[in-house]
Amino acid sequence: MTPNKGRENMAGKFRTALLGALAATAIAGGMVGTAGAQDKKEMVTVVKLSGIAWFNRMEEGVKEYAEATGNNATQVGAATADAALQVQLIEDLIARGVAAINVVPNSPQALEPVLKRALDNKIVVVGHEGATLQNVTYDLEAFDNKAYGEHLMEALAQKMGGEGEYAVLVGYLTSVTHNEWVDAAIAYQKDKYPKMTLVGGKLESAEQQQQANAKVRELLRTYPNLKGIQGSAGEDVVGAALAVEEAGLNDQVSIVGTSLPSVAGAYLETGDIDMISFWDPAKAGYAMNVVAAKALAGETVKSDDDLGVEGYEKVRVDGKVIYGQAWVDVTAENMDEYDF
Amino acid sequence: MPMRRFTNALASPQAVVLAAAILFALVIAAFNPGFLSLATLVDLLRNSLVTGIFALGVLIVLASGGIDVSFTAIGAFAMYATMSLVMGLDVPMPILGFFVLSALIGALLGLVNGVLIGGLGLPTLIVTLGTLSLFRGALLTFVGTTYITNVPRNVISFARTMILRLENAVGQLVSLPLSFVVLVLVTLFVAFLMNLTRFGRSIYAIGGSEEGARRIGIDVARVKVWIYVIAGTIAGLAGMTHMTLSRMANPFDLVGTELNVIAAVVLGGARITGGHGTVTGTLLGALVITLINTSLLSAGVPSYWQKVVVGILIVLGTGLPILIDRFAKHRERLARAAV
């Protein structure tokens with residue numbers, strides 16, 4: 001890079017930063033949008049909090065959508081995952097007269113009143129990770145929990161050769177999604193892979209890696225022929241992998257579950273964890289805007305519709321809730337594609 | 001009278017806990033014959049490492065008549081702040097440095113508790129409930145919320161270094177990591193402090209009667225400040241030990257396990273009302289709590305029932321010594337009346 005070019009870049013960066021700062025002030029002040037923004041319909045995605053890897057990744061999807069369609073789509077989020085701050089952000093957006101609000105709620109219930117106000121103001125509202133939301137035009141879910149649980153079990157069964165003892169971990173016995181995944185997985189196994197047997201019931205990891213680790217070591221001691229483990233909380237597979245590695249059983253035990261490459265990466269690399277799954281927030285961010293644009297154009301989303309986003313090619317609609325099949329499977333081979 | 005001394009020893013909280021632990025292990029062994037082995041013991045020691053270290057800090061606080069629920073937040077804060085600091089500066093740091101830094105941060109946070117409790121004389125439960133939330137909130141707001149998984153290489157090799165490695169009944173490896181040394185050192189330190197120093201005697205004196213301690217010339221405020229600084233330091237060490245065992249720094253870890261640790265200390269014979277508690281008892285308590293938490297599965301107890309059983313055992317374990325003590329006192333009174 002020549003020094004000259006460097007200076008140019010710097011000037012460019014400075015300009016972008018300045019624009020960014022101006023935009024931030026406008027949002028913070030809850031001011032009426034500038035004339036330029038009125039030309040195209042403004043679509044804003046409100047996330048739980050800004051700055052963490054997950055929602056940075058979602059912002060990439062929103063930007064990608066804006067570039068691909070030329071629509072004015074942006075993302076905002078408070079510095080902390082606070083329901084009250086999220087309500088404030090949405091109130092500002094209503095005052096600004098945006099066309100659509102996509103929201104990933106911190107607390108679905110806390111948002112209902114302000115979302116109702118948005119709907120009353122003829123603003124399209126699309127939720128995500130909020131299947132219980134009432135005051136929305138649509139809610140988009142990456143997948144149906146039952147289908148996801150079955151998908152994980154299918155992967156585990158393949159690794160185990162369709163037979164042998166396996167165990168399941170949940171974060172808490174009370175966490176709804178984890179239990180939905182695991183219950184669907186167990187039912188699927190009983191139906192499709194009768195030679196597999198569940199041992200130890202549902203184990204609780206308290207979403208703590210060391211707890212998962214201790215449980216799995218105890219499990220291995222009790223069921224020395226254990227061949228597979230399915231995790232639910234992001235820490236489950238890591239704690240399990242560590243236990244399996246410590247016991248020297250890497251070749252015997254297969255591990256699949258929900259986690260993120262940034263959490264489970266080291267063990268994916270060594271092969272202690274066979275596969276992890278999650279959904280890609282970038283795709284969800286993109287798809288939310290597609291749904292919002294459809295609603296703005298007066299179209300409805302029906303089952304089997306294609307949203308034009310990977311994983312959302314054949315959605316299922318149940319009331320206001322749209323389900324994709326947007327899980328992403330990550331193994332040692334493709335883990336480098338994800339930086340969160 | 002030797003007989004009398006024997007029954008006294010039998011009635012001591014440690015003996016009751018030890019007997020309970022042995023009985024419990026025998027019951028598990030009845031379901032799972034492979035259970036009674038050296039490998040199980042090693043596994044148990046490894047599982048109770050962090051609980052044990054935390055418990056020794058809590059012991060000091062309970063002995064002084066206080067209660068601390070903020071130590072897990074201190075441990076998580078110290079561990080995570082140390083890791084983000086070292087990773088942020090990107091300087092090579094010997095493994096000892098991680099522990100020292102974490103202990104220092106723990107000491108500073110403990111000082112906050114100490115000043116509020118010793119300096120201002122505020123109630124311990126209220127203060128530490130507040131600082132539990134404060135330290136955790138500060139950690140997540142100002143330090144970070146992301147998992148640090150790419151920990152330095154020397155931390156990983158420390159985590160992989162084992163003092164002892166053996167095979168259990170079914171041919172799996174069981175090992176005791178080098179971080180066990182931390183528990184040993186903290187144990188020696190606390191045992192020395194509580195049994196062989198004036199400071200230790202002051203702690204028990206304050207726990208027995210604060211007013212009494214003041215009258216015999218103990219500077220109660222100063223001792224209290226130090227108690228929480230030491231408890232904070234130990235929490236910092238426990239946090240770092242936890243990190244090396246996990247091989248990653250997760251800021252959401254540890255908080256939520258405080259009642260488990262307090263239960264361990266109380267099982268070990270310390271009283272919530274202060275003035276009592278021994279190092280041996282506390283370590284036994286930590287072992288028993290861990291044993292209960294990590295072996296019901298091998299006895300075939302389903303997950304929902306495990307909580308019920310843990311609850312019953314804690315009530316029995318803490319209640320029984322008190323009842324035995326009361327019974328012994330009652331008999332003593334009868335004996336005296338007969339004379």
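Chain B of this predicted model contains 15 helices and two strands. Helices (H or I, at least four residues) and strands (E, at least two) are DSSP runs, numbered from the N terminus. Residues are numbered from 1 along each chain as its sequence is written, chains are lettered from A and ligands numbered from 1 in the order in which they are written. Local features need pLDDT of at least 70 and side-chain atom pairs count only at pLDDT 80 or more, while totals for chains, interfaces and linings use all residues.

The overall form of chain B can be described with a few numbers. Its C-alpha trace spans about 75 × 55 × 35 Å along the principal axes. For 339 residues, a compact globule would have a radius of gyration near 20 Å, and the 21 Å of chain B agrees with this. Here the radius of gyration is taken over C-alpha atoms, and the globule rule is 2.2 Å times the number of residues to the power 0.38. Of the 339 residues in chain B, 47% are buried. A residue is buried if 20 or more other C-beta atoms lie within 10 Å of its own, exposed if 12 or fewer, and partly exposed in between, with C-beta atoms placed from the backbone. Among the contacts in chain B with a separation of 6 or more, 78% are between residues 24 or more positions apart; two residues are in contact if their C-beta atoms, placed from the backbone, lie within 7 Å.

One helix pair in chain B deserves a look. Two packed helices are described by the angle between their axes and the distance between the axes. The axes of helix H6 (residues 95–119) of chain B and H12(B) come within 6 Å and cross at roughly 150°. Axes are lines fitted to C-alpha atoms, for helices over the stretch in contact, and angles run from 0 to 180 degrees between N-to-C directions. The crossing of H6(B) with H12(B) is right-handed; a crossing is left-handed if the near helix is turned anticlockwise from the far one by less than a right angle, and right-handed if clockwise. The contact of H6(B) with H12(B) has 19 nonpolar, 11 polar and two charged residues. In this grouping Ala, Val, Leu, Ile, Met, Phe, Trp, Tyr, Cys and Pro count as nonpolar, Asp, Glu, Lys and Arg as charged, and the others, Gly among them, as polar.

How do the two chains meet? In total, 28 residues of chain B are in contact with 30 residues of chain A. On the chain B side, two or more residues each come from helix H3 (38–47), strand E2 (173–177), helix H12 (220–246), helix H14 (279–295) and helix H15 (303–338) of chain B. H12(B) gives the largest share of this side, three residues. By class, the side of chain B that touches chain A has eight nonpolar, 17 polar and three charged residues.

Turning to chain A, there are 11 helices and 13 strands. Buried residues make up 46% of its 340 residues. One open sheet of chain A has seven strands in the order E2-E1-E3-E4-E5-E12-E11, with mixed pairing; two strands pair if DSSP finds at least two bridges between them. Its edge strands, each pairing on one side only, are strand E2 (72–77) and strand E11 (316–318) of chain A. Neighbouring strands of this sheet are turned by 20° against each other on average, direction ignored. E11(A) and strand E12 (residues 321–323) of chain A run antiparallel and are joined by three bridges, and A:Val317 has A:Ile322 in E12(A) as its bridge partner.

Helix H11 (residues 281–296) of chain A packs on this sheet, and its direction makes about 155° with that of E4(A). A:Ala282 is found in helix H11 of chain A and counts as buried because it has 22 C-beta neighbours inside 10 Å. Leaving out residues up to four places away in sequence, A:Ala282 touches A:Arg57, A:Met58, A:Glu60 and A:Gly61.

A second open sheet in chain A has six strands in the order E7-E6-E8-E9-E10-E13, again with mixed pairing. Strand E6 (residues 164–170) of chain A is mostly covered, with five of its seven residues buried. Six bridges join E6(A) to E7(A), and the two run parallel; A:Tyr166 stands opposite A:Leu198 in E7(A).
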